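Please read it with the structure open.

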Amino acid sequence: FILRSQNFVTFGVNSVLCLLHLHCSIMSTSSKTLFLRSDTREVDYDTNPTILYKSVEQQQWKGSISRVCHAPHEASTWVTMEDSGGGKWRRLPIQQACRYQPPLELISALIKAFPASVQAGNENGDLPLHSAVKWGSSAE
């Protein structure tokens, strides 16, 4: 698998990492992580998580791909939850997907629906690429 961009060539066995890295490289205009609060929605995990997020969390890949195609706005919806320690986590569907070795087709659909997601940091500033590396990603 080979990805090419102006000054970027990757020979990779791990196409999810390559795809995330390529999109980060293309979209990067500064080294700052975007938190994207103004043009995105935020929902509570316990009371009203999106169908897309729950589908991703349950690793229902075909259903997730179908959902992002039919409800692309859900790709830009942050899901939040307060933890027992009083902190609050927040994730986009792409960040959650990268925790479960998703298929490349899902990552591509999520990026197509919300390209800025590759530069969106969670509560710790971690990008989807960081999640993919931390949790492993598809060897597809």
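1. Which residue in E5 is the bridge partner of Glu82? The partner is Lys88. The model is a predicted one, and this pair belongs to the antiparallel pairing of E5 with strand E4, residues 77-82, which runs over four bridges.

2. The sheet that contains these strands is open and has three strands in the order E3-E4-E5, with mixed pairing. Its edges are strand E3 (41-44) and strand E5 (88-91), each of which pairs on one side only. Ignoring direction, neighbouring strands of the sheet are turned by 30° against each other on average. As background, strands of a sheet pair through backbone hydrogen bonds, in either a parallel or an antiparallel sense.

3. On the overall layout, the protein chain has six helices and five strands. Read from the N terminus, the elements follow the order β-β-α-β-α-α-β-β-α-α-α.

4. Helix H3, residues 61-70, deserves a paragraph of its own. Trp61, Ser64, Ile65 and Val68 are its buried residues. Seen down the axis of H3, they fall within an arc of 100°, so they line one face of the helix. The general rule is that an α-helix has 3.6 residues a turn, so residues three or four places apart point the same way. Lys62 and His70 lie on the other side of H3 and are exposed.

5. What covers the buried residues of H3? The cover includes three further helices: H2 (51-57), H4 (93-97) and H5 (104-113).

6. On cysteines, the structure holds zero disulfides. Is Cys69 buried or exposed? Cys69 counts as exposed because its relative accessibility is 55%, and the cut-off for exposed is over 50%. Cys98 has a relative accessibility of 0% and therefore counts as buried, the cut-off there being under 20%.

7. Some totals for the protein chain complete the note. Of its 140 residues, 49% count as buried. The chain exposes about 7,500 Å², and carbon and sulfur atoms supply 52% of that area. Among the contacts with a separation of 6 or more, 65% are between residues 24 or more positions apart.

Technical notes
Residues are numbered from 1 along each chain as its sequence is written. This is a predicted model: local features need pLDDT of at least 70, side-chain atom pairs count only at pLDDT 80 or more; totals for chains, interfaces and linings use all residues. Side-chain values use heavy atoms; hydrogens and water are left out. A disulfide is a pair of cysteine sulfur atoms within 2.5 Å. Buried means under 20% relative accessible area, exposed over 50%, partly exposed in between (1.4 Å probe, protein chains only). Two strands pair if DSSP finds at least two bridges between them. Helices (H or I, at least four residues) and strands (E, at least two) are DSSP runs, numbered from the N terminus. Axes are lines fitted to C-alpha atoms, for helices over the stretch in contact, and angles run from 0 to 180 degrees between N-to-C directions. Contact means heavy atoms within 4.5 Å. Accessible areas come from the Shrake-Rupley method with a 1.4 Å probe; for residues, only the protein chains shown count as cover. The arc is that of the directions from the helix axis to the C-beta atoms.
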